[in-house]
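Q: I'd like to learn how to read a fold like this one. Could we take it a feature at a time?

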Amino acid sequence: MHPIELSTKVIDTGIVDQPLNRVTNDITELADNLAIVESFSHSVVWDTGDGLMCFDASGAGSGIAVVDSIRTWRKAPISHLVYTHGHADHVGGSMMGMNIEGAARLLQLEDVPIHIQTDEAPWIQRTTGIALDSLRLHASGDKVSVGEIEVTLLHTPGHTPGSQCFLVENMLIAGDTLFLEGCGRTDLPGSNPEQMFESLQLLGKLDEDVIVYPGHQYSIPKCMSMGEVRNTNYVFKPKTKDAWMQWFGGA
Ligand SMILES: [Fe+2]
């Protein structure tokens, strides 16, 4: 299949023929203290023992539906909101005709810190209207510790300037940087295909046992080991930036 054709599989606006990006707002327990909500962009929740850490809690439909799902699972207060990037289907707000309750609405319910990459701040502020002093700005490699959980933040620009992924124990929350098949779009405002190559190379070096949870489920499984993703995902086929740009750098 031609890469342009393949790239239509990784569009993240929902205006695509992707039957597998489920939007049920159902919550599934993946491990003792870990669950995932099937919102438009999947939301991962970790019960840290010192409050719930919510990754990309938003979702078309509404952030409230996500919170309601979380509440059927655990009653602990939400203590941290962490976002991979500033697109409205992840953080809420207005984008491309969508108006989605997300971080701004959640802030009204639970006044908690919102962790993002520094480069994403202006985009998130523009999309959500959240004040800068509600945002905790991070650099790549920063760690956020809550209870017994330590989260390492990896800056992975390409889809957006301040996209980030989260490494928690043996799990990677990949947002729209890496899907199990394909990767996030690099033709949107703020996208950069050369940076996407570098970011994918960074993620590709992670241990093969790391379990990848993408922001959208454009594949049958919810998650897959990095070893398997590296072996099967076509975005890891180009080995040089020049080769990558020939395939994915646009017309
Ligand atoms: Fe996105």
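Predicted model: local features only at pLDDT ≥ 70, side-chain atom pairs only at ≥ 80, totals over all residues.

Q: In which sense do β2 and β3 pair here?

A: Strand β2 (residues 34-37) and strand β3 (residues 43-47) run antiparallel, joined over 4 bridges. For one spot to look at, find A35, which sits opposite V45 in β3.

Q: What is the order of the strands in the open sheet?

A: Read it as β1-β2-β3-β4-β5-β8-β9, 7 strands with mixed pairing. At the edges you'll find β1 (27-31) and β9 (135-138); each has a single partner strand, so one side of each is left without a neighbour in the sheet. On average, neighbouring strands are turned by 25° against each other, direction ignored.

Q: Is S39 buried or exposed?

A: Count neighbours: a residue is buried if 20 or more other C-beta atoms lie within 10 Å of its own. S39 belongs to the loop between β2 and β3, and it has 28 such atoms within 10 Å, so it is buried. Between S39 and D89 there are 9.1 Å in space, C-alpha to C-alpha, although they are 50 residues apart in sequence.

Q: Now a helix: which residues of α6 are buried?

A: They are M196, F197, S199, L200 and L203. Their cover includes β12 (164-168) and α8 (241-248).

Q: And how many residues does helix α6 have?

A: It has 12 residues, 193-204, and spans 16 Å from first C-alpha to last, close to the 16 Å expected at 1.5 Å a residue.

Methods. Residues numbered from 1 in each chain as written. Helix = DSSP H or I, 4+ residues; strand = E, 2+ residues; numbered from the N terminus. Expected span 1.5 Å × (residues − 1). Buried ≥ 20, exposed ≤ 12 C-beta atoms within 10 Å, placed from the backbone. Contact = placed C-beta atoms within 7 Å. Pairing = 2+ DSSP bridges. Axes fitted to C-alpha atoms, helices over the stretch in contact; angles between N-to-C directions.
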